[in-house]
Amino acid sequence: DMRYPPAKTFEGMVLWSGNTQGPEAVPGGYQVRLTANGKSYTEKLVVDKDPRIDTVTVADLAEQFSLALKVCDDLTQSNEIVILIRELKRQMDDRIKSNSDAALKTALDSFREKLSAIEEDVYQVRNRSGQDPLNFPIKLNNKIAALGSSIEHGDGKPTAASYEVFKLLKDRLAGQQTALDTLLKTDLPKVNKSLTDRSLKELVPTKTETKPPTPAPAPAG
């Protein structure tokens, strides 16, 4: 489909008026490579600009691609925040099954609550179906995805408004990333000590999940 790799996703993710697809390649020279039975074959190809859009230059499309790629990267980053938080929660559920100590439960619940505050700002956790965004407001990752769709709607350089919204969302994402990084630096060691004191495994931050999102229709109008 001449598109770059999509953003990382997680199981059950619902987006409204946005998607995770990577940006479309800029017109120009490329190579296609086929590898089979231990041999590789390479052939040159050229992606041409749609001849019907004579008011748009390749430079315009390159600028569109550049911003769309940055937005796709930010969508991956926002989704990785959710993936990491949910993995930590899963590990906490696993640890508490092995030890029902009240003090340990209190420590884990406090950490979970702080993680949830970040998660719920990044993603609308009440979404279960493609219609749920009609009832619950979209959150940060959905706004980033919707911006990406807007930038790639049609062929042409991004608008000034697209750059302004991109900066606003990127600043907000940076704030949530900083909040998570700080939490992992200050609270996670204390939680892990509570676990190791009880001969339980430490929590290990990981963010590897990639699942297709649940599709949702675009708003009418």
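User: How many cavities of 30 Å³ or more does a search of the whole structure find?

Analyst: The search finds 1 cavity of 30 Å³ or more. First, the ground rules. This is a predicted model, where local features need pLDDT of at least 70, side-chain atom pairs count only at pLDDT 80 or more, and totals for chains, interfaces and linings use all residues. Residues are numbered from 1 along each chain as its sequence is written, and side-chain values use heavy atoms, with hydrogens and water left out.

User: What makes a space a cavity and not a pocket?

Analyst: Both come from a 1 Å grid over the protein atoms alone. In a cavity, a 1.4 Å probe fits but cannot get out. A pocket is an open set of points with protein on both sides within 12 Å along at least five of seven lines. Lining residues have an atom within 4 Å of a point. Grid points are joined across faces, edges and corners, and a volume is the space filled by probe spheres set on the points. The largest cavity has a volume of about 30 Å³.

User: Which residues line the largest cavity?

Analyst: Val71, Asp74, Ile144, Leu147, Phe166, Leu169 and Lys170 line it. By class, that is 5 nonpolar, no polar and 2 charged residues. Asp and Lys count as charged, whereas Val, Ile, Leu and Phe count as nonpolar. H4 gives the largest share of this lining, 3 residues.

User: What is the volume of the largest pocket?

Analyst: About 260 Å³ of space lies in the largest pocket. It is lined by 17 residues, and Glu24, Ala25, Pro27, Leu61 and Asp155 are the closest to its centre. The second largest pocket holds about 170 Å³.

User: Why are S1 and S2 called paired strands?

Analyst: Strands are DSSP runs (E, at least two residues), as helices are (H or I, at least four), numbered from the N terminus. Two strands pair if DSSP finds at least two bridges between them. S1 (residues 28–36) and S2 (residues 39–47) are joined by 9 bridges, so they pair, and they run antiparallel.

User: What makes a set of residues a nonpolar core?

Analyst: The members must be buried Ala, Val, Leu, Ile, Met, Phe, Trp, Tyr or Cys, joined through side-chain atoms within 4.5 Å. Buried means under 20% relative accessible area, exposed over 50%, partly exposed in between (1.4 Å probe, protein chains only). The largest such core has 40 residues, of which Phe111, Leu115, Leu180 and Leu203 touch the most other members. H1 supplies the largest share of this core, 12 residues.
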